[in-house]
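Visitor: Please show me the model. I would like to ask about it step by step.

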Amino acid sequence: MTYEEFADTRLAPLLRYAVMLTGDPHQAQDLVQETMVRVQLNWRRVARADSPERYVRRMLTNQYVDWRRGSWVRRVLLRGEPDASVPALTDHAQSAVDRDQIWSWLSRLPRRQRAALVLRYYEDLPDMEIADILGCAVGTVRSSISRALATLRAEYVEA
Amino acid sequence: MIEDDLRAAFVRHEPLTPSTGPLRASIDRLAATRRRRRQRFQAAGVTLALLAALGVGVPQLRPDRPVDGPSLSGQPAGTPSEALNVLLLGVDGFGEQPSYRLADSVLLVHIPADRSRPYLISLPRDLGVSIPGRGVDKLNSAFFTGAGEPRPDLDAGYDLTRRVVADLTGVRVDAGAVLTFAGLRRITDAVDGVQVCLPKEVESWHTRRTFPAGCQRLDGAASVDLLRQRRDLPDGAFDRDRNAQRYVAGLIRAVSAKDVLSNPVRLAGLLSAPGKGLAVDDDGLPLTRLVAVLPEMDSVDPVGLSLPVGEPVDDRTLLPLDPKLGKAFLAALAEDRLAQWVAQHPERVNPVR
């Protein structure tokens, strides 16, 4: 597989995944951009992986989880041109977002927990694969998910 | 159920996803830029920027015939010049792909406008500085923050450190280089060893090797060993910084003595020596201009200095700038009057030979 072929089919799903992780289209673009630049520069190594897709997803997830230590947030600030590619929310969608408290609660979770939730409830991956992507044990995945769910449930009760 | 609400929330937000077209174009653009940068950094020729900037081999480089302006520098040689500042970073980490890197030696080489002699200014690695994207932390973590992990990028680490150093000192950084252990070893061996003069005996915490007081010629492995020592030195990281200055002073002498810069064969050998262990930045200052500047230097004997710092406050390990001396020193550096400052503070000079 070439980088071009990979990008043809995988860029859109990765971007959707990044939106779920960050909750923000601009940050998602920056996250995917930073990851994919690295992917392109190191394509030979990526292509050698058993599943390049999973390899890249792991890169992107690490980049997201490690944002404090990494540098992609810096690029958010440096990004020059505003882009027209982000669709403006319609009024209808906006009101849905307003009602959508669970979405805002998600943003308060630790990044690793949010990533685990996205991988299980959006990407529908088995815990084994989530553990592989997050680089931890299956038990750790389950405990972070249950902690995250407990936090969200507590928010429900308060709200 | 909360799980169902979650699934629904994710699906409902799918329309937030931007289109991929512009993103893909910007990925390609950025990747092309970085690929070019990488190639530039790997070009052996720019290594000359490091040596040239250090004032290496200055008298030997003086050309027999006057330099033809346009061919070399694009401007007449001997134009009244400005001060130059070159940032040298010594980073730790072993092997081809260490999982992280810290810059434990941060050395600013200042070449005054009058081209009298180079100044080697150590910036303490524990100095508290403001690092974009990280907050206030030790200077050596700027490289770590920029380079990232688990595959540190030397260029990015250099870029962020350069920014932090420029903010801290207020001077423009004209060129710079990052030296890994491997690069240090190879460059030392390429000049057949470097003479380092120690005021006191140093015993290696890592290899148990003893470096006696006095002058000694060290090969690449020994140089790396010496410059890693901090724990058992009375003044810790400060003593290590002083040893780094003694090494650089010795490297300059070694290269000068060998006529490296005037001998094309030796020069080519030295330039290719550090290989991937050295990344050089010549963004701010074209190499050709540096070369044109060299014959103007009077002496290659550097003056060793450290940025004056105070005691850590509130139990923290971050060192603040010395409240009195620090600002005065930085002002002297920015205004290119270090000679005057050194005359006023002779006790601050670190003997390098």
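This is a predicted model: local features need pLDDT of at least 70, side-chain atom pairs count only at pLDDT 80 or more; totals for chains, interfaces and linings use all residues.

Guide: The axes of helix α4 (residues 52-65) of chain A and α8(A) come within 9 Å and cross at roughly 145°. Axes here are lines fitted to C-alpha atoms, for helices over the stretch in contact, and angles run from 0 to 180 degrees between N-to-C directions. Helices (H or I, at least four residues) and strands (E, at least two) are DSSP runs, numbered from the N terminus.

Visitor: What are the ground rules for the numbering and the values?
Guide: Residues are numbered from 1 along each chain as its sequence is written, and chains are lettered from A and ligands numbered from 1 in the order in which they are written.

Visitor: Is the crossing of α4(A) and α8(A) left-handed or right-handed?
Guide: The rule looks at how the near helix is turned from the far one: anticlockwise by less than a right angle is left-handed, clockwise is right-handed. For α4(A) and α8(A), the crossing is right-handed.

Visitor: Which residues in α8(A) meet α4(A)?
Guide: Contact means heavy atoms within 4.5 Å. From α4(A) come A:R57, A:T61, A:Y64 and A:V65. Their partners in α8(A) are A:R111, A:R112, A:R114, A:A115 and A:L119.

Visitor: How many helices does chain A have?
Guide: Its pattern along the sequence reads α-α-α-α-α-α-α-α-α-α. Chain A has 0 strands, and its helices come to 10.

Visitor: What percentage of the residues of chain B count as buried?
Guide: Buried means under 20% relative accessible area, exposed over 50%, and partly exposed in between (1.4 Å probe, protein chains only). Chain B holds 14 helices and 12 strands. Of its 353 residues, the buried share is 54%.

Visitor: Which residue of chain A forms a salt bridge with B:R7?
Guide: A salt bridge is a side-chain nitrogen of Lys or Arg within 4 Å of a carboxyl oxygen of Asp or Glu. The closest N and O atoms of this pair are 2.7 Å apart. The pair crosses between chains, from helix α1 (residues 2-12) of chain B to the loop between α8 (111-122) and α9 (127-134) of chain A. The partner of B:R7 is A:D124.

Visitor: Is A:D127 buried or exposed?
Guide: The side chains of A:D127 and A:R120 meet in a salt bridge (3.0 Å, N to O). A:R120 is partly exposed, at 21% relative accessible area. A:D127 has 13% relative accessibility, so A:D127 counts as buried.

Visitor: How many salt bridges does the structure hold over all chains?
Guide: One of them joins B:E335 and B:R337 (2.8 Å, N to O). A network of salt bridges links B:D104, B:R125, B:D126, B:K138 and B:R240. Over all chains, the total is 23.

Visitor: Which side chain makes a polar contact with the side chain of B:N243?
Guide: B:N243 lies in helix α10 (residues 236-257) of chain B and is buried, at 3% relative accessibility. A polar contact is a pair of N or O atoms within 3.5 Å; within protein, one must be able to donate a hydrogen and the other to accept it, and residues adjacent in sequence count only if both atoms are side-chain atoms. At 2.7 Å, the partner is B:R246.

Technical notes. Side-chain values use heavy atoms; hydrogens and water are left out.
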